[in-house]
Amino acid sequence: MSMSMGGSWAEFCAGSVRIPGKTSGTRGQRAAHGAAVEDRGQMALRTVCPYGNMTGRRRRAGRAARTRRQKHENSLRSASLRHLSQYIRLMKFLHQRGFTSTLLQPAVFTDTGRGLQTLRAIKPGHLVISLPESCLLTTLTVLNSYLGEYIKSWKPRLSPLLVLCVFLVCERHRGEASDWFPYVDLLPASYTCPVYFGDDVMDALPACVRRRGLEQREAVQEMFSSNQDFFRSLQPVLNQSTEDVLTYEAFRWAWCSVNTRSVFMSHRPSSFLSGPDRFALAPFLDLLNHRADVQVEASFNDATRCYEIRSVCGTRRFHQAFINYGCHDNQRLLLEYGFICSDNPHSVVYVDVDLLCDVLKADRSLDQKIKFLRENNFLQNLTISSEGPSWRLLTALRLFSLPQTMYHQWKTVLLGQTLCEEKEQWIVGTAKILCQRLLRDTFTALDKISNLLQQSEQPIREQLEVVMSLRQEERCILGRCLEVLDESLKQTDELLPCQQDADAVS
């Protein structure tokens, strides 16, 4: 995630510049295996791979690559934030609630922005952090607060996500009078999740992310508009009108705060709430950033009554401590967390069904094939990586290569049956067309982003920079994939006979 930090690096090291709140975004409902928190200060990836410098298939990093990475790591700098009043207040707040760890300190890093730095080496298998239950902000916290009686008496029952959002808005409104002020004061002022994007930024996203981003934005708007009566019932606890406090902008901020920063933690069902309750906001712990090659174990320990993160590989002294949110590509990281990750081995480009239909519109049996693929759950996760088209995409294209008269073979193709060489060559050629179309769209989007950046100010620039980074990575992936497909076509010298049919796509 990109972060605007006014002032020079020397001023940061001297402590004379106030670090702004982080600006990354989206969902916090983690997988139960413990891909625990959001990356508050994750920098937006700036892809430096030009289209003309593609390398084909990924290879295991050799000695030279490892040396370059070591030099890069040695060049990274950090500055402690622990002396700043906001962090002093946060640590005092946590110590009063039983948190005593001295292993980590908040710091700002040149590559990721805000994060946590180790003060001692963390050995493999050792705890990174253990945050007491009393430090966690959960629905139980809200039910036991001044909002509790209003939530408990409201019908129909409210969702856990909604009550956490409302509590955050109210606590921010109360300012220093809030018990949770030391934590709320350090939350980002805004986020770079799609729910924050205007139409211009949304239009610059790849089609699949744009569609899901619009759905996300509409879902938040619906949650806000459908709970106006409940908001008005809270007037007795507010010193301003509910319309001035519980605004859409405030609610959107709270929604992103919960969905990007919470850890996965199952709670016992409450008779006062509706739906699964799996959110917990974890002050200080949520400063940990994501890295794709890091392994951790994270969960709530019922014996110690603490939320614990344990390192699998360890971390050196004075280095940034990272966690891993799971095997997510950058499109999902942007949608769910508002940042993208450099050197992400899971990065892919998605092929939208609309693009497939447009490229294959000459096929007279296209509608039947799309229907067949949808019924067999084969239209999701059609992707392209730098190593080539995914197995699912190639399998779908194999089905498209068959005429309607060969309907009896459609199912066997989905089960992995390969076809004659001529059809396999058509499949590779069609995949190449898809790559070219996606690449054309990527270049168009990058041109649009470049123009928008010249006319935009913060925080719109931060949003555009994240989307630009995603598009730059997409350009690299598609360029590499085209090289792989060209090489594959060159190797197909002799074609086996293949039955022709007027229905087959040429």
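**A walk through the predicted chain**

R440 has its place in helix α18 (residues 421–455), where helices (H or I, at least four residues) and strands (E, at least two) are DSSP runs numbered from the N terminus. With a relative accessible area of 53%, R440 is exposed, given that buried means under 20% relative accessible area, exposed over 50% and partly exposed in between (1.4 Å probe, protein chains only). R440 and R475 are separated by 35 residues in sequence and by 9.2 Å in space, C-alpha to C-alpha. The model is a predicted one, in which local features need pLDDT of at least 70 and side-chain atom pairs count only at pLDDT 80 or more, while totals for chains, interfaces and linings use all residues. Residues are numbered from 1 along each chain as its sequence is written, and side-chain values use heavy atoms, with hydrogens and water left out.

The chain as a whole contains 19 helices and 13 strands, and 54% of its 506 residues count as buried. It exposes about 23,100 Å², of which carbon and sulfur atoms supply 49%; accessible areas come from the Shrake-Rupley method with a 1.4 Å probe, and for residues only the protein chains shown count as cover. Among contacts (heavy atoms within 4.5 Å) between residues at least 6 apart in sequence, 75% join residues at least 24 apart.

The interior can be described through its nonpolar cores, each a set of buried Ala, Val, Leu, Ile, Met, Phe, Trp, Tyr and Cys residues joined through side-chain atoms within 4.5 Å. The largest nonpolar core has 88 residues, and those with the most contacts inside it are L104, I151, V166, L168, F284, L285 and I309. Helix α6 (residues 160–174) gives the largest share of this core, 10 residues. Leaving aside residues up to four places away in sequence, F284 touches L90, M91, L94, F99, L104, P106, L116 and I129. A second, separate core of 39 residues includes I370, L379, L382 and L478. In soluble globular proteins, nonpolar side chains tend to be buried together.

Turning to the strands, two of which pair if DSSP finds at least two bridges between them, β3 (residues 113–118) has 6 of its 6 residues buried, so this strand is largely enclosed by the rest of the structure. Strand β2 (residues 104–109) pairs with β3 in the antiparallel sense over 6 bridges, and V108 stands opposite R114 in β3. A hairpin through 3 residues joins β2 to β3. β3 also pairs in the antiparallel sense with strand β10 (residues 320–323), over 2 bridges, and the bridge partner of L116 in β10 is A321.

β8 is joined to the antiparallel strand β9 (residues 306–311) by 6 bridges, and V296 stands opposite S311 in β9.

Another open sheet of 3 strands has the order β11-β12-β13, again with antiparallel pairing, and its edge strands are β11 and β13 (388–389), each of which pairs on one side only. Between β11 and strand β12 (residues 383–385), which run antiparallel, there are 2 bridges, and V349 has I384 as its bridge partner in β12. Helix α19 lies across β11, β12 and β13, running at about 85° to β12. This helix (residues 460–490) has 31 residues and reaches 45 Å from its first C-alpha to its last, close to the 45 Å expected at 1.5 Å a residue, where the expected span is 1.5 Å times one less than the number of residues. α19 is mostly covered, with 22 of its 31 residues buried.

L333, found in α13 (residues 330–337), is buried with a relative accessible area of 0%. Residues up to four places away in sequence not being counted, L333 touches H290, Y325, H328, G338, F339, C341 and N344. L333 and H290 are 43 residues apart in sequence and 10.0 Å apart in space, C-alpha to C-alpha.

Notes:
Axes fitted to C-alpha atoms, helices over the stretch in contact; angles between N-to-C directions.
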